[in-house]
Amino acid sequence: MGLIPDFKQIATRSPWIYRINAGSCNGCDVEMATTALIPRYDIERLGCQYCGSPKHADIVLISGPLTVRVKDAVLRMYEEIPDPKVTVAVGVCPISGGIFRESYAVLAPIDQYIPIDVNVPGCPPRPQAIIAGVAKAIAIWRERL
Amino acid sequence: MNFLTIFARNLKQGPQTEAFPLGPAFTPDRLRGRIEFKAESCEGCRICERVCPANAIRFAKTPDGMTFDCWHNTCVFCGNCEFYCPTDAIHQTNDWDLSHVNADKFDMVEHGLIPNQTCVDCGATALNTAPMVKNAKPPLSAEEYTELRARCPKCRAKYLKNRKVPA
């Protein structure tokens, strides 16, 4: 019986991050890679780490305006992530469509298909802004767990 | 012996990691971030609405005057509006932290109102915009500026035409 609260305490320390590219121009993806991989920004101080499979993920970072061609793949990938998951929209494209708004090939804003929890606007956002967004997401994730 | 110098330098400098979530972040002064709008110096020319590539800026006419809205969730921080603004009414601050929870999505907007006024000469209702006086020679004094500002566009032109200019 005592095991479950302890396990919960340990588990809330390290949310794993998964990244979905929903038709992004790669600008936001580069910033997300910068946030996690270079020692200058080092998101691993918050316990976060990129994982290669959606089945291990806790926090999802979505970039890109959700193009029509990639929609089914993104929704399938999103379904594979176990609950509780927290979704962070990175960049203006998933939030509003940005400069691709009202295009026939784009289904933005993304929150009509996927429930989004935290938005990080910017084109692309600074790595520090992504860290701030992930910090907000961790707070939400701890409440849900 | 090169590795020893690198080792000594690294010991002296400490880690390169930014302190950010635990301390203040490094922010350049001229970073292009959140848009700020000053309604009192806006000329009402709407060039910013026209040059905005993402259509983040919208003007609308209301009974109270003309409203300005800049949606931060659409703005791509290109800086066109600040570049083309003739009166520096739009300014890009270096505030980059715009992350918010999704419930606040539609609150992320910079709002401004250019109010209506009644012209002191003809009594017509017109916008209280900043007058275009960049090319006025000699430059207007502060009293002249307030007098000019209290008029409608037609009376402003008349005022500038009838202004006594010393030869």
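Predicted model: local features only at pLDDT ≥ 70, side-chain atom pairs only at ≥ 80, totals over all residues.
Local features require pLDDT of at least 70 and side-chain atom pairs count only at pLDDT 80 or more, whereas totals for chains, interfaces and linings use all residues. Residues are numbered from 1 along each chain as its sequence is written, chains are lettered from A in the order in which they are written, and side-chain values use heavy atoms, with hydrogens and water left out.

**View 1. Overall fold of chain A.** Chain A contains five helices and five strands; helices (H or I, at least four residues) and strands (E, at least two) are DSSP runs, numbered from the N terminus. Along the sequence, these elements follow the pattern α-β-α-β-β-α-β-α-β-α. The radius of gyration of chain A, taken over C-alpha atoms, is 15 Å, close to the 15 Å from the globule rule for 145 residues, so chain A is as compact as a globular protein of that length. The globule rule is 2.2 Å times the number of residues to the power 0.38. The C-alpha trace of chain A spans about 55 × 35 × 25 Å along its principal axes.

**View 2. The interface of chain A and chain B.** In this interface, 30 residues of chain A are in contact with 30 residues of chain B, contact being heavy atoms within 4.5 Å. The two chains bury about 2,400 Å² between them, 54% of it on carbon and sulfur atoms. Buried area is the accessible area (1.4 Å probe) that two parts lose on being put together, summed over both. There are 16 residue pairs in polar contact across the interface, both residues being at pLDDT 80 or more. A polar contact is a pair of N or O atoms within 3.5 Å; within protein, one must be able to donate a hydrogen and the other to accept it, and residues adjacent in sequence count only if both atoms are side-chain atoms. On the side of chain A that touches chain B, helix H4 (92–96), strand S5 (118–120) and helix H5 (127–144) of chain A each supply at least two residues. H5(A) gives the most to that side, with seven residues.

View 3. The open sheet of six strands has the order S2(A)-S1(A)-S3(A)-S4(A)-S5(A)-S5(B), with mixed pairing; two strands pair if DSSP finds at least two bridges between them. Its edge strands are S2 (49–50) of chain A and S5 of chain B, each pairing on one side only. S5(A) pairs in the antiparallel sense with strand S5 (residues 100–101) of chain B over two bridges, and A:Val118 stands opposite B:Val101. Strand S1 (residues 16–21) of chain A pairs with S2(A) in the parallel sense over two bridges, with A:Ile17 opposite A:Tyr50.

**View 4. Salt bridges between and within chains.** The whole structure holds 10 salt bridges over all chains, and the count between chain A and chain B is two. A salt bridge is a side-chain nitrogen of Lys or Arg within 4 Å of a carboxyl oxygen of Asp or Glu. B:Lys105 forms a salt bridge with A:Asp111, their closest N and O atoms being 2.9 Å apart. Within chain A, the side chains of A:Arg19 and A:Asp29 meet in a salt bridge (3.4 Å, N to O). This pair links strand S1 of chain A to helix H2 (residues 27–37) of chain A, 10 residues apart.
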